[in-house]
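Subject: Structure for your review

Dear colleague,

Please find below the structure that I would like to hand over to you. My findings follow directly after it.

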Number of protein chains: 2
Amino acid sequence: MATATPLRGTPITELDTPALIVDLDAFEANLDHMRAYVEQAGVRLRAHAKTHKSVDVAKLQMTRGGACGVCVQKTAEAEALVAGGISDVMISNQVTAPAKIARVAALTEKARVLICVDDSENIAALSRAMVGRSASLEVLVEIDVGNGRCGVKPGKDAVALATQIAAADGLRFAGLQAYQGHAQHIYDHAERKIAVDTVIAQTAQTVEMLQEAGLNCVIVAGAGTGTHPFEAGSGVYNELQCGSYIFMDADYGRVREKDDVPLPFQNALFVLTSIMSVAGDGRAVCDAGHKAASIDCGLPLVSGREDLIYNDASDEHGVIKDPDNTLRLNDQLWLIPGHCDPTVNLHEEIIAVRNGKVETVWPVSARGMGC
Amino acid sequence: MATATPLRGTPITELDTPALIVDLDAFEANLDHMRAYVEQAGVRLRAHAKTHKSVDVAKLQMTRGGACGVCVQKTAEAEALVAGGISDVMISNQVTAPAKIARVAALTEKARVLICVDDSENIAALSRAMVGRSASLEVLVEIDVGNGRCGVKPGKDAVALATQIAAADGLRFAGLQAYQGHAQHIYDHAERKIAVDTVIAQTAQTVEMLQEAGLNCVIVAGAGTGTHPFEAGSGVYNELQCGSYIFMDADYGRVREKDDVPLPFQNALFVLTSIMSVAGDGRAVCDAGHKAASIDCGLPLVSGREDLIYNDASDEHGVIKDPDNTLRLNDQLWLIPGHCDPTVNLHEEIIAVRNGKVETVWPVSARGMGC
């Protein structure tokens, strides 16, 4: 029914499209670069698995990639990764629904589980769910450092929640979660630094207030692929939650490390697509649209073909501007998705390739597990 | 692991979120309205299954809903629906990859299969694949009536392809495919009519030229939820391919039937979401973001709550503007997705509800089947 999973050794030219592809050389370079970086910076890496939702990728991040564990956003993602053998998972998010809290509590019997909170009632509910469990649930207070999403205000509100956690049965206060998502995508280095300076200042002050209250932050966590050198060098953060570094995407490709230098990661993720219609008037149509590549951070780029522009997406089609009419029916193109995380979520599997052939296939283990 | 499929009778308030919900009363009203419409208009309905990718919904469209068959966009969707018992499927799209062509040919042994073409080589390839098959593949020529995507120019190019089909072994010339996707979403009735008048004129002229060449169009197909009364009343089209009418969405909610009257279909599709963080400063956060509702036609609306605005989406979160601070942790909201088709594609199942309870659950049979 659905296209069969391709066998090892299948030439890329024979893959059915659209297909989600990872270039293993680029992927491994990203693994290695980040490991070397966190080792020299003296911080931990807790790689964000929301990017890939894959047990196989998580395992590679924790072995070759030097990660101490992974982050996820959803209870079902945590369950899928623990079931696949991942032993250290932080839900870097709030879990407030009673049925989900019970699942999180049950998961502490199978793995180290950490979670974030920003609400007093939620802490009480998590504590009740942990009564009678042999393990503890490690709880971080999330502070809103300018992201405008979840988290309490830095400072005394955070201290109040941390104090409540420290006194709660079944819970252990683990530290602070302080992530600024918007800052990741500020392309200019200097502007990005200014945004993160505020983040670091708020976090540092809250850590200090917690210490004064006798509450030690074992973990001060945050940072993403765009900002992690700032947090890593802050002397405040000790755990980075980068996710996109492993694959990269068109939007992160626009972020500058310094002046006009791109980030030190290679684009490893592609949507392989085929031309299915050629108009001959400077336009062709490929078989990958909204259902193959997310557009929340812009349209895909066509890798290695500066003469082509992915110009318009509909559900199952992409219209390619091809001024020189070079494209022919069934030509393959490698699209760089605008945004990696929601693109991976559209696919059942990641086809990992090297030297023009399939080397392995990774199921998107937690795909569709949005609860 | 993943949240278990809810049992019949489960109260909506107990559903795990985010969840894709269909209001059965609204859904059935849409089924009935469209059936009555095509019966009085004297045209066929071939409902587009790209919207729902569900065997169950397709069957309801072909029984209670009066559809003669369904359309799909992908070979794998056709296979999934035929495997589920749908006996009449049009791939309203080009299939050009050799491996996919072989699958389409094989499918003609199991169901009536129709397909669209816009290329001479593709016709030859389809014909070769049909050699030795007992059934015929019914082939429509797609003309580009202003959509700027697939299709040959109306007129003599279409006649040339139709002539080739009629002479090709294993193929049967079935008619014209003439769909203008962009016109569906022109909100103003008069402007939309102007756009479709051109579509109809081009289609009518091509039908006439085909007739002069001795080629009869058994099917003249096209139209969507936004424009179908124009095509139905044209005297040219005889098969409508509406898809979104069955669920509707926020964008189709903005399309006017006439003056300030909305389209005569009810919104039946919702993403049920829960509040997971309350800032208390006129802002709360729900658990449905890009991975639960597509934003290619704008952000979701909050159904029944004019005081609330879904203001910002990230991968797993939606930020809700709540000026009066009415929202509490775990409150449920019913989101109307911006665009139904790619939203359904994000989910494993559609939970069909009535009177506050789950009545049935429809698997998204062809979810992820993008090839």
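Ser54(A) caps the N-terminal end of α2(A), with a side-chain oxygen 3.2 Å from the backbone nitrogen of Asp56(A). Please note that the model is a predicted one.

The helix α2 of chain A spans residues 55–62, and its buried residues are Val55(A), Val57(A), Ala58(A) and Gln61(A). These four lie on the same side of α2(A), because they cover an arc of only 165° around the axis. Among the elements that cover the buried residues of α2(A) are the helices α1 (24–41) and α3 (75–83) of chain A, together with the strands β2 (44–48), β3 (69–72) and β19 (357–363) of that chain.

I turn now to the interface. Chain A and chain B each contribute 60 residues to the contact. Between them the two chains bury about 4,700 Å², of which 51% is on carbon and sulfur atoms.

Ten salt bridges are counted between chain B and chain A. One of them joins the side chains of Asp315(B) and Lys50(A), at 2.8 Å from N to O. Across the interface of chain B and chain A, 28 residue pairs are in polar contact, both residues being at pLDDT 80 or more.

On the side of chain B that touches chain A, two or more residues come from each of α3 (75–83), α4 (98–107), β12 (269–278), β13 (283–286) and α10 (340–344) of chain B. The most comes from α3(B), which gives five residues. By type, the residues on this side of chain B comprise 22 charged, 19 polar and 19 nonpolar.

With kind regards

Note on methods:
Residues are numbered from 1 along each chain as its sequence is written. Chains are lettered from A and ligands numbered from 1 in the order in which they are written. This is a predicted model: local features need pLDDT of at least 70, side-chain atom pairs count only at pLDDT 80 or more; totals for chains, interfaces and linings use all residues. Side-chain values use heavy atoms; hydrogens and water are left out. Contact means heavy atoms within 4.5 Å. Buried area is the accessible area (1.4 Å probe) that two parts lose on being put together, summed over both. A salt bridge is a side-chain nitrogen of Lys or Arg within 4 Å of a carboxyl oxygen of Asp or Glu. A polar contact is a pair of N or O atoms within 3.5 Å; within protein, one must be able to donate a hydrogen and the other to accept it, and residues adjacent in sequence count only if both atoms are side-chain atoms. Ala, Val, Leu, Ile, Met, Phe, Trp, Tyr, Cys and Pro count as nonpolar, Asp, Glu, Lys and Arg as charged, and the others, Gly among them, as polar. Buried means under 20% relative accessible area, exposed over 50%, partly exposed in between (1.4 Å probe, protein chains only). The arc is that of the directions from the helix axis to the C-beta atoms.
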